[in-house]
Amino acid sequence: MARPRLPFEFLVALRFLREGRMQTALILLGVTGGVAVIVFLSQLIAQLQSTIIDRVLGSQAHVVVRPLEEVNLRARSDPASTAVIEPRAQRLRSIDQWEAIVKLAEDQPGVVAVSPVVSGPAFALRGRASKSVALLGVEPDRYRRIVKMDTYMVRGKFQVEGTNAIIGTELAKDLGVTVGDKVFLRAAGGRDELLQVTGLFDIGNKDLNRRWVFTTMKLAQSLLDLPGGVSNIDITVTDIFDASEVAARLQAGSGMTVDSWMTTNSQLLAALRNQSVSNNLIRSFVIIIVALGISSVLVVSVVQKQKEIGILRAMGTSSNRIMGVFLLQGALVGFVGALSGVGLAWALLQIFSTIYRTGDGAPIFEPQLDTGIALSAAGIALAVGVLAALIPARRAAKMDPVQAIRA
Amino acid sequence: MTDAAGKPAIISMRGLRKSYGVGTPVETEVLHGIDADLAEGEFCALIGPSGSGKSTLLNLIGLLEPPTAGELSVAGQSTTGLNEQALTVLRGRHIGFVFQFHHLLPAFTALENVMMPAIIAHGVATAEDEAVAHDLLARVGLSSHEYKKAGQLSGGQQQRVAIARALSLSPRLILADEPTGNLDTHTADDIFALLREFNRERGSACLIVTHDPRLAARCDRRIELVDGRLAASTSVAEPA
């Protein structure tokens, strides 16, 4: 059987495209390039952004609750006297009623984990070496849901009890200790304790590897003179971009100072936003260029196919169906271009993931294609194809069959 | 409406006028009130000198252009006031065209060209449409050329395909605008004979615009246009 199986519009649209081989090939190339640029850029930027955010948040709580700052209150103002007011020095204090705030935080929607932390300055001493460190008293089961310490452990496990301590690899190097050795820790207030190193971590940040010393909450409380208290409460949220909202709610509910990572890293966030804006700008221009390309090719095709359009009209094709034929050509070009564009973007991602690498040789991004990005780019290409075909299609539909045949 | 012989009319024209550039200073009337009928199954030549309005009249009858004034009925249906969609349907259902320059669709094979009116009418080609197309191409002697594109056929072959295409939906009226205009005498005779054959066999009325007095003489009737007016309507006593 040799009869064409396609419906009229598809049949004619496909034949017209096939007949204008060179034009079709060029415009397909254009759409492919456009879609590939959009998908590749979006994917690259999304991945780089999430890598950066992962790195920033890898050693940081999404939301942190701290005690209110201490301020001077004047009993009454006396117009006859002047006063010099010095800002108060902020001492290490506990969060008032912290158990209640932990409970409050846990009940907030969007909160995944809550971990009270006792933290303060101290010195780690061994022999004649003395290093300034940050003492962190944590409940490991809670804290590992704030910072993924388990994945950072180089030796030992992220568990503390009694006078055990977990220190970073840099500090261990500086003090010349390893698992099983002892380190003398003296808090700023003068209290001290001999700690046994039971684990080493590497967070991927030398500064933190040199400064963080984990102990039990109880030990940190006694060393820092905060009996029963905690200095801050760390919180992990489901959607990191909801962090400021959660922080605002908690601040209103607790009356404490509550900061989200978004405020502490506002510059980074602004940079990421600017990057997204420029990405959108590039995408818009690419879409416009692709649309103009499709449109101009189809306009030329309408002129070239004038006679055929006239013949089809004479044989009983309505002007609406002629319009359909040209809209379909736009859609087909958009659709096929989207498929090949997504394919090209995938290939580019494979190539660039081997080129872009971090200092330690790991790829900066995974060469994966996000289905959402690919589908939306394909959808845009299809819509742009149809819209771009609108003007040529209307022109074809309005063509006077008699004039068209005579042409 | 019936003609003198009592057959119903496939085409009926009353006071048909056509002007171009209506409302502009260069308004020109090409047809000045044509009154004529074409009976079902009639084989009629439309003759006249160049510029007499033959092609315009054919375009009006073919519903490709609307008349400026007057009444035109196709297959008993008045076309006055019909919208483009309705005219398209009427044209597709009752009228087949054969143009001077064959006007095949170059992107399609001979077989597909013959099937095209059916594809347009039915949305997609059916097995029956294909059988009809095979049969028609066999009748015009092109069975072995079914899968050739239009450009691979000679002028005469292309015109045969065009005739087969015009017949694919068995229209009641075939309009042919100088179908033999650019063919040599021998081929022209063949094409003409083919039209005549289909006319006799299927009863499709034919209106053929021609400059060739030899061919015109072989029609049942001749309608002659001079300067946009009906000059004569002569019945030929002994059709060839």
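In this predicted model, A:P367 is located in the loop that separates α13 (319-355) from α14 (371-398) of chain A; helices (H or I, at least four residues) and strands (E, at least two) are DSSP runs, numbered from the N terminus. A:P367 counts as partly exposed because it has 16 C-beta neighbours inside 10 Å. On this scale a residue is buried if 20 or more other C-beta atoms lie within 10 Å of its own, exposed if 12 or fewer, and partly exposed in between, with C-beta atoms placed from the backbone. When residues up to four places away in sequence are not counted, A:P367 touches A:L349, A:Q350 and A:S353; two residues are in contact if their C-beta atoms, placed from the backbone, lie within 7 Å. A:L349 is 18 residues from A:P367 in sequence, while the C-alpha atoms of the two are 5.1 Å apart.

Residues are numbered from 1 along each chain as its sequence is written, and chains are lettered from A and ligands numbered from 1 in the order in which they are written. As the model is a predicted one, local features need pLDDT of at least 70 and side-chain atom pairs count only at pLDDT 80 or more, whereas totals for chains, interfaces and linings use all residues. The model has an ipTM of 0.84 and a pTM of 0.74. For chain B the mean pLDDT is 87, and 95% of the residues reach 70 or more; pLDDT is the predictor's confidence in each residue, from 0 to 100.

Chain A contains 15 helices and ten strands. Its radius of gyration is 33 Å, well over the 22 Å that the globule rule gives for 407 residues, so chain A is more spread out than a compact globule. The radius of gyration is taken over C-alpha atoms, and the globule rule is 2.2 Å times the number of residues to the power 0.38. Along the principal axes, the C-alpha atoms of chain A fill a box of roughly 105 × 65 × 35 Å. Of the 407 residues in chain A, 40% are buried. Among the contacts in chain A between residues at least 6 apart in sequence, 80% link residues at least 24 apart.

Strand β1 (residues 63-66) of chain A has two antiparallel partners in chain A: strand β10 (residues 257-260), joined by four bridges, and strand β9 (residues 232-237), joined by three bridges. Strands are said to pair if DSSP finds at least two bridges between them. A:V64 has A:D259 of β10(A) as its bridge partner, and A:V63 has A:I235 of β9(A).

Chain B has seven helices and ten strands. The radius of gyration of chain B is 18 Å, close to the 18 Å that the globule rule gives for 240 residues, so chain B is as compact as a globular protein of that length. The C-alpha atoms of chain B fill a box of roughly 50 × 40 × 40 Å along the principal axes, and 49% of the 240 residues are buried.

In chain B, four strands form an open sheet in the order β2-β1-β4-β5, with antiparallel pairing. Its edge strands, β2 (28-39) and β5 (77-78) of chain B, each pair on one side only. Within the sheet, five bridges connect β1 (residues 9-20) of chain B to β4 (residues 69-74) of chain B, and B:I11 stands opposite B:V74 in β4(B).

Another pairing in chain B is parallel: strand β6 (residues 95-98) is joined by four bridges to strand β7 (residues 173-177). B:G96 is opposite B:I174 of β7(B). In a regular strand the side chains alternate between the two faces of the sheet. Both faces of β6(B) are covered, with B:I95 and B:F97 buried on one side and B:G96 and B:V98 buried on the other.

The largest nonpolar core has 128 residues, of which A:I294, B:L46 and B:L207 touch the most other members. A nonpolar core is a set of buried Ala, Val, Leu, Ile, Met, Phe, Trp, Tyr and Cys residues joined through C-beta atoms within 7 Å. The element that gives the most to this core is α13(A), with 13 residues.

The contact between the chains takes 24 residues from chain A and 29 residues from chain B. On the side of chain B that touches chain A, the largest share, eight residues, comes from α3(B).
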